[in-house]
Amino acid sequence: MELRARSVVEGFLHGLHRSPYIGFSVEFASHHEYVPGDDPRHINWKLYARQHRLYVKEFDGDTNLNLHILLDVSGSMACASLGRSKLHYAATLAAALAHLAIRQHDAAGITLFAGQVIASLPPRAKTQQLQEILGLIANAVPQAQTDAGRAIHQAAEMCRKRGVVAVISDCFDEIPRLMDAFDHLLFLNHEVVLFQVLDPWERDLPLEGNVRFRDLETGETLTTLSESIRVGYRQAVRQWLTELERECLSRGIDRVELTTDDPLDRALLEYFVRRSRQ
Amino acid sequence: MGFVQASLLAALAAVILPILAHLLFRRRSRPVDLGTLRFLKVAVRQDTRRRWLKRWLLLALRVGCVVLVVLLFARPYRAEFTGGGNTGLTVLLIDRSASMSRKVGPASRRSGSERLIDHAVRQLSQVLTQVPARARVEAAWFDKKVEPISSTEDGRVSLASLEAPDTLAGGTDFAAALSWAAARCGAARGSGPLAVHVLTDLQRTGFGSLEDFAFPKDVPVHVWDVGPAGSGNVAVVGVRPASLMVRADYPTTVEATILNARTQLLDQRPVRLRLANKSKVIEIPAVASAAVGASTTIAFETPPLGPGLWQGTVSIAVDDELPLDNSRHVAFYAAAKPRVLLLDGASRDVAALGEAYFLEAALRLAPPGETVPDVPFRVIVFPYGSDARVPELGQVDVLVAANVAGFPGADAARVRAFLDRGGSAVVFGGSNVGPASAASYVAAGLSLGEIAGTYLARDVPFRIAAFARDNAILKPFADPQHGDLHRLAFSGCTRIVPGDGVQVLARFRDGTPLVLERSAGRSRVVWCAASVGREHGEWSRSRLFLPLVHQLVRGAAGQVGAGPVRELPGAGETLGVRQQGEVWEVRNLEPQESELERCTPEELAQRLGVKLAENAGELSPAATQGDGNELRTGELWPWLWLGVVLFWLAEGVLANRTVA
């Protein structure tokens, strides 16, 4: 897991250096208006020349980023059409994010959830925090049922320190329940980033012939001819994703749609580049 | 509808395959795990009803493909034709003469093979390929007669279920058949193309009477030859008794003619005459030998035959293609010697002076040209004077009254009863027979009309001017070599005015009847108006007196002419001896029908003067053992082929979108 996470991060960083944009929390965070007592050495005089107001720069060390990673380990995450399950992909992503944060001396923590919170590590910036996070991730096994909404509510109660909450899930729960949980996080002034991980078959149903589909969480089966329902299936999925996107957008939640055949480093790079343009 | 390869319809059992596939392949599906089925359920819910319809439609298409492919190989064709069409007429003539009952092939396999006519009916489907699809069709069987094949009320002639007659006993007459066809074509002229198809074994003897035969030149005749290439036949072609009525208790001769129409010698084949009369049976064996293509005659000498009808067969023991003519029916009547009671109405003490002297003498003598060991009649002479009474008539066949004045009441009743029992009577005129006799003759049932009394010739004697040459009694005298009745001379006669139902068989020049006859069933009353004595001339001493008297008495007894037996042609009737009222009919196959020599279609067309169609075919059993690949009109395969393609394409398209 560590090797995978490191390779992802290094790939990401390699791409990042080639990027004309500067990623977050590496050099600069933001400005705030000068108030008496701020260090005058950090006044941005160029900005004063433009704005005729005094603004003070804020740096990484000033923000104390807390990265909370919420990893969905429900049964639906076991879907593996390409030989690599969504859980495996999501775990790698979680490890990469943790590696990146800790590398930058940010605090990172992880919470595993399915029907409820299964395991949790609060955010810390210690060196061995990464090992502990990786250990927790490596031992994650898919749980039978999911209730992401309830679990995220629980996790929200556990994420006391304001920070970035990266939810890594397939989001197969009811959208209102999910949004309710996200609202809880936003209420606690967290910045929420949703990494939605899907299997290519789940998104596109590219199968042919007579197929007996099995629900990984309930065990329910359904046999049908894949071609005959493909169009309707995709339409339903698209409709669901559109609704999810709309809900996330309305709440200012960044949603990253990933499939297990997407290279993880490239996916991260594209996200951070998009984010930095905002 | 018919099928060229009907046996392939058994492959329809293959429709079970798509049904099994429909049921079994449903279960084969590939398992896939997904994180959630909720989107699948949404999609499936929309698709369920459409899928249900597609599944059954797919099954129907697959079953339809199997059915169409099987039908494609079975090659159905339309075999029925509607009546009342407006596109011409096609006449089908199917030969049902006796020669069509042949079973062709080696003797060991003939019993299992079919007759030529059955083969022809079975091959009708091939013939019908030449018939335009919308043509009106009229069909008929023919031998010596033509019998149309009935159609249903809507004019439809159903040939698909036609069956050949079981009994074929008629001769062949192409002219009669084509005359009928010509009449049908004439009635349909102007409605469209006309054509005639003849299915026959082309028997050379079957041309019939061509004297008044005419056939339209513009109507093509298709001749379908169903006969075998070679044929051989042995037949009894003729049986001739010495007479259809012979004397009882005397031997007689029956001749039989055997025809050897085979390509090999007929050597010492057993022939048998079998005759039966009630419980008496006579069998006389013989042997026949004949060269190739030749005939031989065999004479069977019978022992003395008792009275009555003798009927039977002459048959030859041989195994050939046409067993029907290996035996021939024969019948003749052996007439018992008539028992004659001669009532002499003017007897004398000296017999030679009696009225019946010459008559009795004549009846006891043999007719000219014949020699018999016994008297031809059993004659009892009874002087019948005024005091005499008619004796018992139970043992009498013919009552002869010579110059009898009349019959008292009891005698008249006895005579009438005798006639009612089937007895017959001959009455000769004379001076005793006059108007006063009429009432008693009427009472006795002997009257043939008004008795006018003696009528004497004046200047010249009465001579017979005309007589019924076709009547059995006087027919022998039609040949003057047997005697010229015109030479008889009468000085007088008893004039009779004929009553109703009386036939005058001979008249004098002035029309006065001489011989009269009345028949009632088996009973006959014959009058000869002239006296058999000397009153009316010397005719009783003429040499014609004896044969004339014999004919009169035999005629009264019903023993003249052919007697009760008639020989008639088969003409499609049941062959054999059959009683029709008082007559026995003997029907045999026409001898020409046994000659199986064949002609060609060209010869038939040339002799009948008809236009032979070019695409006539051969339907002989050997020729039609073909591979069945020939195309037929009316076949539905193009539509079936199109159906298979469309069904297969639809199945292919639908199968990719449907759960099996």
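Here are some worked exercises on a predicted model with chains A and B.

**Exercise 1. Compare the overall make-up of chain A and chain B: how many helices and strands does each have, and what share of residues is buried?**

Start with chain A, where the secondary structure comes to ten helices and ten strands. Of its 278 residues, 40% are buried. Next, take the contacts in chain A with a separation of 6 or more: residues 24 or more positions apart account for 76% of them.

Now turn to chain B, with twelve helices and 31 strands. Here 42% of the 660 residues are buried. Among contacts in chain B between residues at least 6 apart in sequence, 77% join residues at least 24 apart.

**Exercise 2. Describe helix α4 of chain A: what is its length, and is it mostly covered or mostly open?**

First, find the helix at residues 86-103, a run of 18 residues. Then take the span from the first C-alpha to the last: α4(A) reaches 25 Å, close to the 26 Å expected at 1.5 Å a residue.

**Exercise 3. Work out how α4(A) is oriented against helix α5 of chain A, and which residues meet.**

Two packed helices are described by the angle between their axes and the distance between the axes. Helix α5(A) spans residues 129-138, and its axis comes within 10 Å of that of α4(A). The two axes cross at roughly 175 degrees. An angle over 145 degrees counts as roughly antiparallel, so α4(A) and α5(A) are roughly antiparallel to each other.

Now list the contact. On the α4(A) side are Ala91(A), Ala94(A), Ala95(A), Ala98(A), His99(A) and Ile102(A). They meet Gln129(A), Leu130(A), Ile133(A), Leu134(A) and Ile137(A) in α5(A). Sorted by class, the contact has nine nonpolar, two polar and no charged residues.

An α-helix has 3.6 residues a turn, so residues three or four places apart point the same way. Keep that in mind as you view the residues from α4(A), among them Ala91(A), Ala94(A) and Ala98(A).

**Exercise 4. Repeat the analysis for helices α6 and α7 of chain A: are they roughly parallel or antiparallel?**

Locate α6(A) at residues 148-158 and α7(A) at residues 175-187. Their axes lie 8 Å apart, at an angle of about 5 degrees. Angles under 35 degrees count as roughly parallel, so α6(A) and α7(A) are roughly parallel to each other.

For the contact itself, α6(A) supplies Ala148(A), Gly149(A), Ile152(A), His153(A) and Ala156(A). Their counterparts in α7(A) are Arg177(A), Leu178(A), Asp180(A), Ala181(A), His184(A) and Leu185(A). By class, this contact divides into six nonpolar, three polar and two charged residues.

**Exercise 5. Trace the nine-stranded open sheet of chain B and find its edge strands.**

Write down the order: β18-β17-β19-β20-β27-β26-β25-β22-β23, with mixed pairing. Read off the ends: β18 (378-383) and β23 (489-490) are the edge strands, each pairing on one side only. Inside the sheet, take β20 (residues 424-428) and β27 (residues 523-528), which run parallel and are joined by four bridges. In this pair, Val426(B) stands opposite Val526(B).

**Exercise 6. Examine the hairpin of β12 and β13 in chain B: how many bridges join the strands, and what lies in the turn?**

Strand β12(B) covers residues 266-277 and β13(B) covers residues 280-290; they pair in the antiparallel sense over ten bridges. One point of reference is Arg272(B), whose bridge partner is Pro285(B). Two residues lie between the strands, and Lys278(B) in the turn has a positive phi of about 55 degrees.

**Exercise 7. Describe where chain B touches chain A.**

Count both sides: chain B gives 23 residues and chain A gives 29. On the chain B side, the elements giving two or more residues are β2 (30-34) and α2 (38-74). Of these, α2(B) gives the most, with nine residues. By class, the chain B side has ten nonpolar, six polar and seven charged residues.

Then check for strand pairing between the chains. Strand β8 of chain A (residues 210-215) pairs with β2(B) in the parallel sense over five bridges, and Asp215(A) stands opposite Leu34(B).

Note on methods: Residues are numbered from 1 along each chain as its sequence is written. Chains are lettered from A and ligands numbered from 1 in the order in which they are written. This is a predicted model: local features need pLDDT of at least 70, side-chain atom pairs count only at pLDDT 80 or more; totals for chains, interfaces and linings use all residues. Two strands pair if DSSP finds at least two bridges between them. The expected span of a helix is 1.5 Å times one less than its number of residues. Axes are lines fitted to C-alpha atoms, for helices over the stretch in contact, and angles run from 0 to 180 degrees between N-to-C directions. Angles under 35 degrees count as roughly parallel, over 145 as roughly antiparallel, 65 to 115 as roughly perpendicular and the rest as oblique. Two residues are in contact if their C-beta atoms, placed from the backbone, lie within 7 Å. Ala, Val, Leu, Ile, Met, Phe, Trp, Tyr, Cys and Pro count as nonpolar, Asp, Glu, Lys and Arg as charged, and the others, Gly among them, as polar. A residue is buried if 20 or more other C-beta atoms lie within 10 Å of its own, exposed if 12 or fewer, and partly exposed in between; C-beta atoms are placed from the backbone.
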